[in-house]
Amino acid sequence: AVLALGPADEIDMTWVNGRGVGSTYGAGSGREYALPAGLLHAGTNTVVVNVLDTYRDGGLAGPASAHALHLADGSTVPLDGGWKYRVVPAEAGSPPRAPWQSAAGLSTLYNGMIAPLGDFGLRGALWYQGESNTFEHARYADLLRTLRDDWRQRSGARLPMLFVQLPNYGKPASKPGESDWAAMREAQRQVAAEDPRSGLVVAIDLGDRYDIHPANKQELGRRLARSARQVVYGEKLAAAGPVPASVTRNGDAVVVAFEGVSDALVAYGADGPIGFELCGDAVGSCHYASADIRNNRVTLRAPAAHEATRVRWCWADSPVCTLYDSDGSGTGLPVGPFERAIPSMPYDDHAR
């Protein structure tokens, strides 16, 4: 017999009497699965269809006449009634990705676009991705390291890798909070910082709060070229813009010192930079901090600053960040998002 089903949005896995009979990707057409001899039996037979939907509305669609068993003798058994359904709760997680699951399928992109390159020696590689992994930012750093190691195994152990940090996207925050996008940017920053043959390109000011595909590719290309000049060609320049060199306490204030400053730190639109937070260990303990620039240092103050254990900068999906490197040309790079621990120090109330 052949089991015919209507369109499923977007990936189905189908069983008959507990045996898997097929899986198809694509929302616009029906499915047909040939059933092995002996799978059907007299009496009640059970058809189970699991439909994975990753975007907008999904499920098994009609019309009801599209669902039927076509038997070898030419007869048809309609499956137009008696269906039951259950929505899997979100906490159950996502199923393993199948190889035929479009671009997101397990091994699909690698086998289709990387493996055919063979053993070509490459001068460098650019990686701009991460939006679809923000929900798993805790494991993204290891994924990125594995990707880098694999490509270097294929194309040379010293293959330079340039990573584009996720840009700003979405509604700006009105108070400190947790952000999957910010945590993803931190994972990208950490992986790039641990390897001298890797570079990080900051794009926190190049995004579009309404469009996940920002249009300003020209400036992104310029910054990638600047990073390549350092990482690939060995030029002496601050490729990623100012980066935090140290975090220290000074009485009831916290001081962040920066390196990689071409000329001087500058804040746009206010007397001091906007976007710093001082946080405790607990979730929800962050407070916006007032910030003052002196040379290459930024001094932060906020309520209970002496109890803070972390400093965050530009920590939101679409943060407002105003601290830049003034290099004299008007094209200075922004300070990229980061989170750093504040070293412990006994607090002396008389230090006030």
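Start by selecting arginine 189 and glutamate 186: they form a salt bridge, with the closest N and O atoms 2.7 Å apart. (Salt bridge here means a side-chain nitrogen of Lys or Arg within 4 Å of a carboxyl oxygen of Asp or Glu.) The two sit 3 residues apart in helix 3, so about one helical turn separates them. Both arginine 189 and glutamate 186 are buried, where buried means under 20% relative accessible area, exposed over 50%, and partly exposed in between (1.4 Å probe, protein chains only).

Before you click on, note that this is a predicted model: local features need pLDDT of at least 70, side-chain atom pairs count only at pLDDT 80 or more, and totals for chains, interfaces and linings use all residues. Residues are numbered from 1 along each chain as its sequence is written, and side-chain values use heavy atoms, leaving out hydrogens and water.

Next, pick arginine 223 and aspartate 205, whose side chains meet in a salt bridge (2.9 Å, N to O). Arginine 223 belongs to helix 4 (residues 217-231) and aspartate 205 to the loop between strand 12 and helix 4, so the pair ties together parts 18 residues apart in sequence. Helices (H or I, at least four residues) and strands (E, at least two) are DSSP runs, numbered from the N terminus. Arginine 223 is buried at 5% relative accessibility, while aspartate 205 is partly exposed at 29%.

Now try glutamate 194 with arginine 145, another salt bridge, at 2.7 Å between the closest N and O atoms. Glutamate 194 is in the loop between helix 3 (180-193) and strand 12 (198-201) and arginine 145 is in helix 2, so this pair ties together parts 49 residues apart in sequence.

Hop over to threonine 134, in the loop between strand 10 and helix 2 (137-155). Is threonine 134 buried or exposed? Buried, with a relative accessible area of 11%. A polar atom of the threonine 134 side chain lies 3.3 Å from the backbone oxygen of glutamate 131.

Strand 13 and strand 14 (residues 253-259) pair over 7 bridges; zoom in and arginine 249 stands opposite valine 254 in strand 14.

Key
Two strands pair if DSSP finds at least two bridges between them. A polar contact is a pair of N or O atoms within 3.5 Å; within protein, one must be able to donate a hydrogen and the other to accept it, and residues adjacent in sequence count only if both atoms are side-chain atoms.
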